[in-house]
Amino acid sequence: AAFLAAFSALRRANGENTSCMQGIIGADPLGALAEEGVLPISLPELYNELAQTVLWADVHMPAVDTILIRSLPYHDGGASLAQEIACLLETGKEYLQELLKRGVTVQTAVRHMRFAIVASGEKRMDCWKVQVMERLWQAVLQAYALPQSFYSLRYVLVRADYNRTLHDPYFSLSGMEGMGTS
């Protein structure tokens, strides 16, 4: 929350209205743990910070996503397609449960949550991955009896590291990166 508050203060000092800002300034403690193997502070402390950030953003920057659940650490770690989807779902469920314990409503948590799904470059497989992820995430959210408007999967597609090239600057999969829904 401190970073967002400082960012917001800087933008307001420049005459901007931060309550209208849209975008992603997201944290993913479990993804960081999977990627690095260690966290700078304990997971419960990070969950406390995540809850404070979500609550602060909900008041001051309601259109900014503060939770970004990334599949890249699992994808790069060698996870299969099914394992990658399972890690995304379990991470999302874990964040919902931990935020609920800390006084964040499910609706607020879901509004500030976005998934970053790795696109491998095989369009059919990537479309299938998103469709499966959307159906399974809907099943998770149905357990919380949310209104239908919360059921769409909010995601962005990101390229896998091995899809990038250093040798051919004209070869680009940039059409894949940055796609998503809100």
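Buried means under 20% relative accessible area, exposed over 50%, and partly exposed in between. Keep that in mind for the views below, which come from a predicted model.

**Figure 1. The whole chain, before we zoom in.** The protein chain has 7 helices and 5 strands. Follow the sequence along and you get the pattern α-β-α-α-β-α-α-α-β-α-β-β. Of the 182 residues in the protein chain, 41% are buried. Now take the contacts with a separation of 6 or more: 72% of them come from residues 24 or more positions apart.

**Figure 2. Helix H3, from end to end.** Now look at the side chains: in H3, the buried residues are Leu 46, Tyr 47, Leu 50, Ala 51, Thr 53, Val 54, Trp 56 and Ala 57. Some of these names come back in the next view.

**Figure 3. Where H3 crosses H5.** Helix H5 covers residues 81–101, and its axis comes within 9 Å of the H3 axis, with a crossing angle of roughly 80°. Angles of 65 to 115 degrees count as roughly perpendicular, so H3 and H5 are roughly perpendicular to each other. Which residues make the contact? From H3 they are Tyr 47, Leu 50, Ala 51 and Val 54, and from H5 they are Glu 94, Tyr 95, Glu 98 and Leu 99. Sort the residues of this H3–H5 contact by class and you find 6 nonpolar, no polar and 2 charged.

**Figure 4. Helix H2 and what covers it.** Helix H2 runs over residues 29–36, and Pro 29, Leu 30 and Gly 31 in this helix are buried. What covers the buried residues of H2? The cover includes strand E1 (23–27), H3, strand E2 (64–70), helix H4 (72–76) and H5. Step just past H2 and you reach Gly 37, which takes a positive phi of about 85°.

**Figure 5. Where H2 meets H5.** The axes of H2 and H5 come within 10 Å and cross at roughly 130°. That angle makes H2 and H5 oblique to each other. On the H2 side, the residues that meet H5 are Pro 29, Leu 30 and Gly 31, and on the H5 side they are Thr 91, Glu 94 and Tyr 95. Split by class, the contact of H2 with H5 has 3 nonpolar, 2 polar and 1 charged residues.

**Figure 6. Leu 96, a buried residue of H5.** Leu 96 sits in helix H5. With a relative accessible area of 1%, Leu 96 is buried. Who are its partners, once neighbours within four places in sequence are left aside? Leu 96 is in contact with Val 106, Ala 109, Val 110, Met 113, Trp 137, Val 140, Leu 141 and Tyr 144. Take Met 113 from that list: Leu 96 and Met 113 are 17 residues apart along the chain, and their C-alpha atoms are separated by 9.5 Å.

Figure 7. Arg 102 lies in the loop between H5 and helix H6 (106–111). Its relative accessible area of 24% makes Arg 102 partly exposed. Leave aside neighbours within four places in sequence, and Arg 102 is in contact with Pro 44, Tyr 47, Asn 48 and Ala 51. Arg 102 and Asn 48 are 54 residues apart in sequence, and C-alpha to C-alpha they are 7.0 Å apart in space.

Figure 8. Gly 121 is in the loop between strand E3 (113–119) and H7. Gly 121 is partly exposed, with a relative accessible area of 36%. Gly 121 and Arg 159 are 38 residues apart in sequence, yet 7.7 Å apart in space, C-alpha to C-alpha. Ala 145 is in the loop between helix H7 (123–142) and strand E4 (155–159). Buried or exposed, which is Ala 145? At 66% relative accessibility, Ala 145 counts as exposed. Check its backbone as well: phi of Ala 145 is near 55°, a positive value in a residue other than glycine.

Terms used:
Residues numbered from 1 in each chain as written. Predicted model: local features only at pLDDT ≥ 70, side-chain atom pairs only at ≥ 80, totals over all residues. Heavy atoms only, no water. Buried < 20%, exposed > 50% of the residue type's maximum accessible area, 1.4 Å probe, protein only. Helix = DSSP H or I, 4+ residues; strand = E, 2+ residues; numbered from the N terminus. Axes fitted to C-alpha atoms, helices over the stretch in contact; angles between N-to-C directions. Parallel < 35°, antiparallel > 145°, perpendicular 65-115°, else oblique. Contact = heavy atoms within 4.5 Å. Nonpolar A, V, L, I, M, F, W, Y, C, P; charged D, E, K, R; others polar.
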